[in-house]
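Hello,

Here is the structure I promised to pass on to you. Please have a look at it first, and then read my notes below.

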Amino acid sequence: MTGVEQIVKDTTLTFEQKVVALARYAENSVQVLNISEETQALRDAGIICDLFEGNVPYRPRYILPNYEKFMKEGCQFLQLDPPKNIWEATNYLLIFYKHVPSITTMPVYIGNIDYLLEPFITDEEEAKLAIRLFFTQLDRTITDSFCHANLGPKPTKAAKIILEVERELENAIPNLTLKYNEETPDDLAIEAIKTALVTAKPSFANHAMFTEDLGDYGIASCYNGLHVGGGAHTLVRMRLSKLAETATDIDDFFNNKLPHAMTCMANYINERIRYIVEESTFFETNFLVKEGFISKDRFTSMFGLVGLAECVNTLLKAEKLEDKFGHSQIADDLGVRIMDAMEDFINNFESKHCTVTNERLLLHAQVGIGDDINTSPGSRIPIGEEPELWKHLKQTARFHKYFPSGVGDIFPFELNAANNPEFILNIIQGAFKEGMRYFSLYSSDADVIRITGYLVKRSEIAKLDQGIATLQDTVVLGQGQVRNGKVYERKVR
């Protein structure tokens, strides 16, 4: 049976999922990129991974339109005037989202949604109905959990309504982040925590930290911090866990294996960028560019990594828990040394089309994919080896500073935590003071859970396990992470 037939006859795929799979199959039937033999060898070994972006990059991976501009000016291409009321605002945004591409074919960023809708809230009951319908349509039509909306940091009536609605709906889509700083009142943060315990969203972003690194930013896809009005051309990641296995010792890793792999991967990223910018015609033809909703000079690209913990443990030949990453000062210091080496490389490697980041790539703690085995997301401590909460927070905070384009940790809380959300807020505040960039939580009994950075319902994974097609394509990724990544076994706090 051919690959095309396998896709067509797959009973677990919906019609829309088959269309996307067939398009990717066609794209991957040709080669247009100039890839060195050394780089290809690292790709074949699974050390360099482009996360299924495809062989012909024809659109940026992540796009963050300036939705504020759309709400103020409308869109000529879509024949939409600026909205005048809550119904037009929600309807016009849904129309606009349909035309925002990404690696998933669907929008990965839908704006600081509370700020976008706040001017149109006159009657709160009417607004709640409109927002409920708006979020229901998002969940049923943007069938991909990498769709991400932002809230805050300042309080709005819209944010309060959105949190109430999401708590009631218990939808997996869209993902949500609350930008949190001193302007965020405790009552809004408490409402966010109550909603997160039910629906695993919103996560909390350290707004001061992101703003200092990026300026005007949005959180897209899983937890990716990128520039509004721009985005990321590409995200390629390195499996440090696999790279460590090729090194004879720590010196060989630092002197030979890591520099070689970083050079190959960075050159591969630049080649993908080159094709998108110079050959694909995206930036010459797309209406988002023509009307100023995005700009080529607001794009960067992401140098991702996974498996830092396993890399450290392999290099140290650590077998006992007390000798491993997250538990040993020696192991954690080695992790910092690896990150310092990678940061130094990134700071000195030129990527000419990444104008907004001074022609430099951005480090990214990638969240992992379904077929990652014995490879933890980004710089996280492996599931099943988590220390006590305060130790965990202090350890992970050492690494968050390295990743301006995204890093995060996930903390499930026991059921009775809902009775004391103020306690969780104190934990988040303390974590941010320690230097954490991004904090995610959910309740141990919730149906909606955070897999790595995206959200999936346990009940939908159960359907897929029975061979039943599911509406959201990310359920397949979640199923893989449950099987291989021990997601259900996270330490409950």
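How many residues has helix H7, and how far does H7 reach from its first C-alpha to its last? Helix H7 (residues 124–141) has 18 residues and reaches 25 Å between those two atoms, close to the 26 Å expected at 1.5 Å a residue; the expected span is 1.5 Å times one less than the number of residues. Helices (H or I, at least four residues) and strands (E, at least two) are DSSP runs, numbered from the N terminus.

A word on the source: this is a predicted model, where local features need pLDDT of at least 70 and side-chain atom pairs count only at pLDDT 80 or more, while totals for chains, interfaces and linings use all residues. Residues are numbered from 1 along each chain as its sequence is written, and side-chain values use heavy atoms, with hydrogens and water left out.

Back to H7. Its buried residues are Ala-127, Ala-130, Ile-131, Phe-134, Phe-135, Leu-138 and Asp-139 (buried means under 20% relative accessible area, exposed over 50%, partly exposed in between, with a 1.4 Å probe and protein chains only). These residues pack against helix H5 (86–97), helix H6 (113–117) and helix H8 (157–169), where contact means heavy atoms within 4.5 Å. At the N-terminal end, Asp-123 caps H7, with a side-chain oxygen 2.9 Å from the backbone nitrogen of Glu-125.

Next, the sheet. Five strands form an open sheet in the order S3-S4-S5-S12-S11, with mixed pairing; two strands pair if DSSP finds at least two bridges between them. Strand S3 (148–151) and strand S11 (409–413) are at the edges with a single partner strand each, so one side of each has no neighbour in the sheet.

The C-alpha atoms of Tyr-442 and Val-198 are separated by 6.6 Å, although the two residues are 244 residues apart along the chain. The side chain of Tyr-442 also makes a polar contact of 3.0 Å with the side chain of Arg-490 (a pair of N or O atoms within 3.5 Å; within protein, one must be able to donate a hydrogen and the other to accept it, and residues adjacent in sequence count only if both atoms are side-chain atoms).

Finally, Asp-372 lies in the loop between strand S10 (362–365) and helix H17 (389–400). Its side chain has polar contacts with the side chains of Arg-237 at 2.8 Å and Arg-239 at 3.0 Å.

Best wishes
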